[in-house]
Amino acid sequence: MFGLSALDLARIQFGFTVSFHIIFPAITIGLASYLAVLEGLWLWRKDRVYRDLYLYWSRIFAVTFAMGVVSGIVMAYQFGTNWSYFSAFAGGVTGPLLAYEVLTAFFLEAGFLGVMLFGWKKVGPELHFFATLMVAFGTLVSASWILASNSWMQTPQGYEIVGGRVVPVDWFKVIFNPSFPYRLVHMTLAAYLATALFVGAAGAWHLLRGENTVRVRTMFSMALWMLLVVTPVQIFAGDAHGLNTLEHQPAKIAAIEGHWRDAPGEQGTPLILFGWPDMAREETLYKIEVPRLGGLILAHDWDGKFKGLSDFPPNERPNSTVVFWTFRVMVGLGLLMLALAVWGLLLRPEGRLYGSRVFQRFALLMGPSGLVALLAGWLTTEIGRQPYVVYGVMRTADAVSNHSGPVMGLTLSIFVVLYCVVFGTGVYYLLSIVGHPPKDLGPVDGPPTGGLEGGPLDERPARPMSAAPDASF
């Protein structure tokens, strides 16, 4: 298929399905914590604005949670079908970690999700708040187990190879491998940023349409405060993650930087802002660089240097052409997020935040940027690990199943069609819910009105998706 091998097609298929999947857990992680904050504020202040926003975003949370579960099931099957040699070799580590995620996080989320979505009038407010907290905690626990597994593949430790298979000998080292803390913080903050931008874009959309209500203003303001706080923290976390990657995966950093060989003399390594890394010619063409800045950022030394791609054998080099640009997409969008947050802070005096249509259009356009940056960062991490599936231990070419190219091409085509139809419909439905502004659901002391599917909030769900309305609300 298009001259691609079965290995290439298997990688594309896995990347395609993971790219769809990762979007929904990211929004789920952020929305779960946002809902916990909203309900906590409602219980504290007794301001029904927070309660109404909670009920509004809980419907959206239900849809993203469902799509995340459905898309995640496919990933488990792919390990056995397309990557059977990897599963046989490293399943002693990755299998239990994914099982722990199901036994702890997934059951925790599922156990309290029904109370959270449908128990508003069936349990007391304190117990309902506890259910919301448990769902939010469950999403973070789930992310921890998944990232522990993936981080071990990036920086493996705590294992031995016995009989051609990986055998864990120290689970503490397996889980808390060198890159795990950095990747967990970086991914969690990325999920919070993606959610803040999503919520902010929804607020901007309604403000631009003339829905200048207290509920719209509140969620717009909260999103921008979150963006202002988290973006600088994410920049520092990304820097720490980069230093960790330089220590454990120097070839990945060289590929990201488009750096092939050291500058002559004692001069520190420059930072290449833009260019085109040419893997065949072993140089970065058309480059625009800042002298010494690369060494200063990565070595924290004015004369700092680090290995270039030429220091690694050709069969050990990641594809610099790809990761050079995916990394810059992530960083560029991060800088735009910071600009959006600072601009919003400057507009807050005298309420200009809710009157500037130019700023609101910018916030609306930035809505998908958190997810795009997250996907760009994930591509940088995973492609930068190549040619290994378990870094330094197992090559990707040795992990793929013995399928033919036509078979992989056929299954990839089926996945593309099905995913575009199924998840395209789901995303359209999700955006149609967001397209309606949050409403006033009644006084705090009385029962909220206009609940699930236009009826009372204490209805029992007739189907899994009953948490989302069929009509506008």
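1. Basis. The model is predicted; local features need pLDDT of at least 70, side-chain atom pairs count only at pLDDT 80 or more, and totals for chains, interfaces and linings use all residues. Residues are numbered from 1 along each chain as its sequence is written, and side-chain values use heavy atoms, with hydrogens and water left out.

2. Main core. The largest nonpolar core has 44 residues. Such a core is a set of buried Ala, Val, Leu, Ile, Met, Phe, Trp, Tyr and Cys residues joined through side-chain atoms within 4.5 Å; buried means under 20% relative accessible area (1.4 Å probe, protein chains only). Leu31, Tyr34, Leu38, Trp57, Ile60, Phe61 and Met219 touch the most other members. Two or more residues each come from helices H1 (6-45), H2 (48-81), H3 (84-118), H4 (125-154), H6 (180-208), H7 (214-248) and H13 (405-434). Helices are DSSP runs of H or I, at least four residues, numbered from the N terminus. H2 gives the largest share, 13 residues.

3. Ile60. Leaving aside residues up to four places away in sequence, Ile60 touches Leu31, Phe198, Leu430, Ile433 and Val434. Contact here means heavy atoms within 4.5 Å.

4. Second pocket. The second largest pocket has a volume of about 520 Å³. A pocket is an open set of points on a 1 Å grid over the protein atoms alone, with protein on both sides within 12 Å along at least five of seven lines; lining residues have an atom within 4 Å of a point. Its volume is the space filled by probe spheres set on the points, which are joined across faces, edges and corners. Of 19 lining residues, Phe198, Pro368, Val427, Leu430 and Leu431 lie nearest the centre. H13 supplies the largest share of this lining, five residues. By class, the lining has 16 nonpolar, three polar and no charged residues.

5. Second cavity. There are two cavities of 30 Å³ or more, a cavity being a set of grid points where a 1.4 Å probe fits but cannot get out. H7 and helix H10 (320-347) each supply at least two of its lining residues.

6. Strands E3 (residues 271-278) and E4 (residues 283-290) run antiparallel, joined by six bridges. Strands are DSSP runs of E, at least two residues, and two of them pair if DSSP finds at least two bridges. Phe274 stands opposite Ile288 in E4. Four residues lie between the strands, and Glu282 takes a positive phi near 55 degrees.

How values were computed:
Buried means under 20% relative accessible area, exposed over 50%, partly exposed in between (1.4 Å probe, protein chains only). Ala, Val, Leu, Ile, Met, Phe, Trp, Tyr, Cys and Pro count as nonpolar, Asp, Glu, Lys and Arg as charged, and the others, Gly among them, as polar.
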